[in-house]
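User: I would like to go through the terms used for this model and see what each one rests on. Please set the values against the definitions.

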2 protein chains.
Amino acid sequence: MPERKVTSLDVAAKAGVSQSAVSRVFTPGASVSKRMAEKVRAAADELGYRPNVLARSLITGRSRIIGLVVAYLENQFYPDALERLSNALQEQGYHILIFMASGTGEGVDQVIDELLDYQVDGIITASVGMTDEIAARCDAAGIPVVLFNRGQEDLRLSEVTSDNLAGARKIAEFLVAGGHKRIGHITGWTGSSTGRDREAGFRAGLAEAGAAPIIVRDGHYRRAEAAAAAREMVEIAEVDAIFVGNDHMAFAVMDELRFSMGLSVPKDVSIVGYDDVPLAAWPAYQLTTLRQPSGRMVDATVSALLDRIASPDTAPRKIAIDGPLIVRASATVPEGWE
Amino acid sequence: MPERKVTSLDVAAKAGVSQSAVSRVFTPGASVSKRMAEKVRAAADELGYRPNVLARSLITGRSRIIGLVVAYLENQFYPDALERLSNALQEQGYHILIFMASGTGEGVDQVIDELLDYQVDGIITASVGMTDEIAARCDAAGIPVVLFNRGQEDLRLSEVTSDNLAGARKIAEFLVAGGHKRIGHITGWTGSSTGRDREAGFRAGLAEAGAAPIIVRDGHYRRAEAAAAAREMVEIAEVDAIFVGNDHMAFAVMDELRFSMGLSVPKDVSIVGYDDVPLAAWPAYQLTTLRQPSGRMVDATVSALLDRIASPDTAPRKIAIDGPLIVRASATVPEGWE
DNA sequence: GCTAATTTTGCACAGGTATGCAAACGGTGG
DNA sequence: CCACCGTTTGCATACCTGTGCAAAATTAGC
């Protein structure tokens, strides 16, 4: 039970030095002699002193807080990314302040205001619709923004995604090579760049093989809509393969086909997802999917953000990281597929 | 692009009033006349002024930041709780600063120090082993702590859990009523109160029916260990039912039994979990499980914490919320079970 | 219209730290 | 022993806001 607050002045008094000396000891790269450092640290340890981050932030203008704007954590990809992001930032002395954009949602303005109120040093947005507006306005306010797993036309913003075009193209090749003739696609929300890019890449890949999707529906990243779309595709379009815009929806599709419609995956219909969340590897699904290398995406996000914080003139980056197709059992494997 | 920072002094100058007047306008419950408020708000809006939370925190001593210490987000229960917690706190004007205790982990001390550095107003711990030490030390430092989904002997700490004893007892009754004779139990980590309480409740429930578990193993909340334990239980102890300490492990157990061992759930072995995470309702698992009412748990957690922050003398609370057994298809349903 | 009671406003300071500047210090070479 | 130079240290101030206190302004009461 320390007497409430112990300040740098207390330490200074105890060590018989000035407050600024104490400050310098706790400021990396400041000019302090060995003897001084020892004296101060001894006094500090004895009193249990630690610098007050808030007071420090007030004067340095940096809070060492990163705002993370996130809409929903139901898709396992995001908790996973959150955990990695937080660990990576913690190693650099930053911490994540969470802003949920999903709630009753007074909307974007509310979130933006709160973000600015806390003087966050940088912002990461993930899985959120109104990304564009948040990002643009915060960037205008001079706070570096990185869009995680979502793209954006605006060249002033940094973004980190997987290479959705190339990834979806690989999936197209894979499905064609597997001998599928009637291929459907349930897109992620087409209001998101991720959804659009995957669709475009997929169409391009099919086109290269002289094919085209026979049916395309927007799944809005929601299980129920994806399941309904899948049912329609099977009943009406008689598809033999579906590329689903992310794993989260793909699980719903597999459930619908197997348990509601009594079909076999992949015998009746091949399913391919996108993300490779941990669940995709579980025996119940064994989902063939394109891996988003979340480790590398997180690293890229963190370094893009921190670089930008360190020197604000750094040009914004648009990074797309390539990921491998992970072949499991939810889709027919082409003969001789390496 | 606002000229970097606009302070209360700028607003005061523009409105032709004192800085304290501006401060009062933005402080709920302060004494300000209508005319003054209008003038100030007009000037503030025009300049795009918003109070600096950090400076405010420095003087009021409250940061409106809640530290959330969390170890792993793989178990879907926690992202779900995180989302709810964040939304609930946001409504009260608080935000969550994340502290991952899972990382390379310089250990507890590191985390505690960082928590204190940020002057958090309160702390919630979830899914983390060294809870006891963190909680005790932070509480000693005068910061209210609530343990979420974990209990603790120490009477000075608040905690919110589901009623693990009663819940596990219900499961015991259910399995006995289902005619199971050779019942196994894979505990959550027995180093956690949650794990211990569920085991105790389960044993008590069986004992009441004159039964007892024929084999008990510690699953440590990990998929791999749970799967291995399940295999052992089937091969060596020939169980006909397993109560698994949480859903996260239960999924692994079902996968192991069905896909590695070729058994039928529930025909060969009944499986019951605990938590009722969203996944439990998916057709692939249809897991019978005891629901932890995370909505109510979150509400209780938030109000316990905020009450404690508002008046530090409030007695710590230990709250256990009752949850219903959700009967699905992973365990034999007793005849005439309502 | 005048005084008393009440509300509103400004003043000045505090909260805990970082940092530019000048003074003090320590060592070197002659 | 002195002049000189590089390193340490202390002083004072700034960061931005909230709040106790006293002065000013408003309202009430007659």
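This is a predicted model: local features need pLDDT of at least 70, side-chain atom pairs count only at pLDDT 80 or more; totals for chains, interfaces and linings use all residues.

Analyst: Residues are numbered from 1 along each chain as its sequence is written, and chains are lettered from A and ligands numbered from 1 in the order in which they are written.

User: What makes H4(A) stand out at the surface near DNA strand C?

Analyst: H4(A) gives the most to that surface, with 5 residues. Helices here are DSSP runs (H or I, at least four residues) and strands are runs of E (at least two), numbered from the N terminus. Helix H4 of chain A covers 53-60.

User: How many residues does each chain bring to the contact?

Analyst: Chain A and chain B bring 42 residues each; two residues are in contact if their C-beta atoms, placed from the backbone, lie within 7 Å. On the side of chain B that touches chain A, H5(B) gives the most, with 6 residues.

User: Why are E2 of chain A and E2(B) called paired?

Analyst: Two strands pair if DSSP finds at least two bridges between them. Here 3 bridges join the two strands, so they pair, and they run antiparallel. A:Leu97 stands opposite B:Leu97 in E2(B).
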